[in-house]
Amino acid sequence: MAEIEAQPFAFAFKPETTALIVIDMQRDFAEPGGFGASLGNDVSRVTAIVPTVKRLIEGFRAAGLPVIHTMECHRPDLSDLPPAKRNRGNPSIRIGDAGPMGRVLIAGELGTAILEELAPLPGEIVIEKPGKGAFYATGLGDDLKRIGARQLVFAGVTTEVCVQTTVREANDRGYECLVAEDATESYFPEFKAAALAMIRAQGAIVGWTATTDQVLEGIANA
């Protein structure tokens, strides 16, 4: 059994049961004119982690380990979009509205697509999720059982919302979770720092955190 140097202590790594989950690396969250920018956020923070996320994905692919992608999106008729999600705040555009890259966070629209640099390969699992967590109203749990995954490495955005929510959901389901610190990001650096601290607090109460280099080194040494 290999180890990944991590916080708060080493992560006992079992490659035969490990998968990478890349959360919501979509155009609407990373590009100017997208939904994230319409909320007043600095999307360049998300764009900056793309090379690191790509390197992590490529490391998993090279090792023959599963890569799973998630996309936050809704049905065109908005039947899976609760009013509490659509009506929050006072954004210039809301989920389902027409935006510069098509209807915002609607399945099949250009803005909903995963960034080209991180696009799934044929055969990789892609989860379309209507909520913040990737287990809610999706088949992710069944997919993980089918591929025999018990340990999950996480990347993507945003750290304190969709990433942390999915990590907590996975932890409650018995998965061992590790977040790649430099392959996740928030529009608010203080939120990212707080989320990572909460995940690894109290002896990895929810999970572990490590750098991409540490994760890839663990894979190479397995």
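Biologist: Which group does Lys-192 form a salt bridge with, and at what N to O distance?
Modeller: Its side chain meets that of Glu-185, at 3.6 Å from N to O. A salt bridge here is a side-chain nitrogen of Lys or Arg within 4 Å of a carboxyl oxygen of Asp or Glu. This is a predicted model, in which local features need pLDDT of at least 70 and side-chain atom pairs count only at pLDDT 80 or more, while totals for chains, interfaces and linings use all residues. Residues are numbered from 1 along each chain as its sequence is written, and side-chain values use heavy atoms, with hydrogens and water left out.

Biologist: Are Lys-192 and Glu-185 buried or exposed?
Modeller: Both Lys-192 and Glu-185 are buried. Buried means under 20% relative accessible area, exposed over 50%, and partly exposed in between, with a 1.4 Å probe and protein chains only.

Biologist: Which residues are linked with them in a network?
Modeller: Arg-45, Glu-185 and Lys-192 are linked in a network of salt bridges.

Biologist: How many salt bridges does the structure hold?
Modeller: The structure holds ten. One of them joins the side chains of Lys-129 and Asp-24, at 2.8 Å from N to O. Lys-129 lies in strand 7 (residues 125-129) and Asp-24 in the loop between strand 3 (18-23) and helix 1 (27-30), so the pair links distant parts of the chain, 105 residues apart. Helices (H or I, at least four residues) and strands (E, at least two) are DSSP runs, numbered from the N terminus.

Biologist: What are the relative accessibilities of Lys-129 and Asp-24?
Modeller: Lys-129 counts as buried because its relative accessibility is 0%. Asp-24 is buried too, with a relative accessible area of 1%.

Biologist: Which residue does Lys-85 meet in a salt bridge?
Modeller: The side chain of Lys-85 meets that of Glu-72, at 2.5 Å from N to O. Lys-85 is in helix 5 (residues 83-86) and Glu-72 in strand 4 (residues 67-72), 13 residues apart. Both Lys-85 and Glu-72 are buried.

Biologist: Turning to Glu-128, where is it found?
Modeller: Glu-128 is in strand 7. With a relative accessible area of 47%, Glu-128 is partly exposed. Leaving out residues up to four places away in sequence, Glu-128 touches Met-71, Cys-73, Ala-107 and Thr-138, where contact means heavy atoms within 4.5 Å.

Biologist: What about the largest nonpolar core: how many residues has it?
Modeller: It has 43 residues, and those with the most contacts inside it are Met-25, Leu-56, Phe-60, Leu-178 and Val-215. Its largest share, five residues, comes from helix 4 (residues 50-62). Apart from it lies another core, of 23 residues, among them Ile-23, Ile-125, Val-167 and Val-206. A nonpolar core is a set of buried Ala, Val, Leu, Ile, Met, Phe, Trp, Tyr and Cys residues joined through side-chain atoms within 4.5 Å.

Biologist: Which residues does Val-215 touch?
Modeller: Not counting residues up to four places away in sequence, Val-215 touches Ile-4, Leu-56, Phe-60, Val-153, Leu-178 and Ala-210.

Biologist: Finally, what is the volume of the largest pocket?
Modeller: Its volume is about 360 Å³. Of the 19 residues that line the pocket, Phe-29, Leu-39, Arg-88, Thr-158 and Val-161 are the closest to its centre. On a 1 Å grid over the protein atoms alone, a pocket is an open set of points where a 1.4 Å probe fits, with protein on both sides within 12 Å along at least five of seven lines, and lining residues have an atom within 4 Å of a point. A volume is the space filled by probe spheres set on the points.

Biologist: Which helix gives the most to that lining?
Modeller: Helix 7 does, with three residues.
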